[in-house]
Amino acid sequence: MKRRNFLKNSSLAAASVAFMPNANIFAKSSASNIKIGIIGVGLRGQGHLDLLLRRKDVDVVAICDVSDYMLNSAKEDITKSGKKMPAIYTGDAYAWKRMLEKEKLDGVVIATPWEWHKPMIVGSLEAGVKYVGSEVCIGLSLQDHWDVVKTAERYNAQVMMLENVCYRRDVMAVLNMVRQGLFGELIHLQGGYQHDLREVKFNNGNNPANTPVEFGEKAFSEASWRTEHSVQRNGDLYPTHGVGPVANYININRGNRFVNLCSFSSKARGLHNHVVKKGGENHPNAKVNFRLGDVVTTNIQCANGETILLQHDTNLPRPYSLGFRVQGTEGLWMDVNKSIYIQDKSPKSHQWDPAKEWLDKYDHPLWARWSKETEGAGHGGMDFFVIHAFVESIKNSKPTPLDVYDAATWSAITPLSEQSIALGNETIAFPDFTGGEWMYRKPVFALNDSY
Ligand SMILES: NC(=O)c1ccc[n+]([C@@H]2O[C@H](COP(=O)([O-])OP(=O)(O)OC[C@H]3O[C@@H](n4cnc5c(N)ncnc54)[C@H](O)[C@@H]3O)[C@@H](O)[C@H]2O)c1
């Protein structure tokens, strides 16, 4: 299908979702249940598995992983749920290909290391799967991102990046406020990933004989693969939690787009210091040269005149914060001090209001509707929404509310920031994955009453 038709059909179909009757996740289990396969049932994949097992409209029919430990843990969860045990695919790094050949799947959820996302997304689409939900990010190189976009277009299929922070309760309340014009015209936005990951990037691999500063083969979960990216790469390695919400506020790919990007990297000290502190200066990992700057900042210029500042900060001691700031001609929200200020509406001029009162007042209707179902879902409940939106899109044969263009645009910040830093902070032109359609596409995110 031609790119233009694909885009046109997607936006038309998306608009019609608004008038669909409510989907019912309590629908009786039946042959019409959607069939999902999961590739990667590590820590994140098990979270998705749990949410899918709770639903009566979904059958998880196949799971794939290379780790017996993770598979056993997933199998325990399935047994506890009382659901039928899915087919298990394992044994080698390409067992997922056998899963895609053998199973007839309505959707595939991918929660593997970053380097596997692109081949697994493309492989799923080529196998005929029409809905792929991938964890962040969707590729490593810029070419990976183009490959995912082109393949989705070729097969007229949906690729949704499972960017859960778009559904965080305060983030959605602010979206509601933005859409109701409380902040006026938006001017500047900030976000990022500011999370001390030192205990995630290093561990002992559940083996007390190891030191706590292992990564790679001796380590467990993300330390077994993610840390290597901090050795090999320097850029904003995890942009989508910060940029996804911000992109929704200013309608990126839907009337607006990223035009230019420029990144800066600080020196790298945090990971080395952590290894020395916990493992001693003679530990072999104390000799590793970590390329990833401790704080990477990225500026983005948008077609409609807004600026965005993103920060990636994962190697230093700090409390968690995604550092959101949404600032317009009438006021602003900042999440680090949990405050809002709206000119002529805040009680005292030049003084912050506690954000809570505003966020409660403008709670997004989707949260009001589904808050009971979010109980126990990961990350304060927001994980419910991302899986819910994926499943409902399949059930209704509609485009996913976050689509392949959103996925590619947000996730491509990583290779572009690497390029900018490598070129001495050069400003890099942002590719337009929509091929000019950003001018005509309309916002769809969280604009229907179900997902
Ligand atoms: N959105 C969020 O809030 C959030 C939170 C955590 C992780 N994540 C993302 O989820 C993804 C997975 O992270 P994680 O924390 O679960 O990591 P993890 O290491 O715990 O899990 C990854 C799993 O993939 C499996 N795997 C690796 N190669 C495979 C292959 N070729 N075939 C099948 N399985 C394979 C591993 O054995 C492991 O079980 C990453 O993209 C990460 O960034 C997102």
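Biologist: Which residue is the bridge partner of Asn260 in strand 15?

Modeller: The partner is Ala429. This is a predicted model, so to speak of local features I ask for a pLDDT of at least 70 and for side-chain atom pairs 80 or more, while totals for chains, interfaces and linings use all residues. Residue numbers start from 1 along each chain as its sequence is written.

Biologist: What makes strand 8 and strand 15 a pair?

Modeller: Two strands pair if DSSP finds at least two bridges between them. Strand 8 and strand 15 (residues 428–429) have two bridges, in the antiparallel sense, so they meet the definition. Strands here are DSSP runs of E with at least two residues, helices are runs of H or I with at least four, and both are numbered from the N terminus.

Biologist: How many bridges join strand 8 to strand 9?

Modeller: Seven, and these two strands run antiparallel. Phe264 stands opposite Thr297 of strand 9.

Biologist: Why are strand 14 and strand 15 called edges?

Modeller: The open sheet has nine strands in the order 14-13-12-11-7-10-9-8-15, with mixed pairing. Strand 14 (353–354) and strand 15 each have a single partner strand, so one side of each is left without a neighbour in the sheet. Elsewhere in that order, strand 11 (residues 325–328) and strand 12 (residues 331–334) are antiparallel and joined by three bridges; Gln327 faces Leu332 of strand 12 there.

Biologist: Why is Asn256 called buried?

Modeller: A residue is buried if 20 or more other C-beta atoms, placed from the backbone, lie within 10 Å of its own, exposed if 12 or fewer, and partly exposed in between. Asn256 has 20 such neighbours, so it counts as buried. Asn256 is found in the loop between helix 10 (240–249) and strand 8 (258–265).

Biologist: Which residues does Asn256 contact, leaving aside its neighbours within four places in sequence?

Modeller: Ile250, Asn251, Cys302, Ala303 and Asn304. Contact is defined by C-beta atoms, placed from the backbone, that lie within 7 Å. Asn256 and Cys302 are 46 residues apart along the chain, with 6.9 Å between their C-alpha atoms.

Biologist: How do you know that the length of helix 14 agrees with its residue count?

Modeller: The expected span is 1.5 Å times one less than the number of residues. For the 14 residues of helix 14 (residues 382–395) that gives 20 Å, and the end C-alpha atoms are 20 Å apart, so the two agree.

Biologist: What makes helix 14 largely enclosed?

Modeller: 14 of its 14 residues are buried, so the rest of the structure largely encloses helix 14. Just after helix 14, Ser397 takes a positive phi of about 50°.

Biologist: Where are the bounds of domain 1 and domain 2?

Modeller: Domain 1 is 3–165, and domain 2 is 167–366 + 404–439; the bounds come from an automatic or database domain assignment. Their centres, taken over C-alpha atoms, are 25 Å apart. The contact takes 23 residues from domain 1 and 27 residues from domain 2.

Methods. Two residues are in contact if their C-beta atoms, placed from the backbone, lie within 7 Å.
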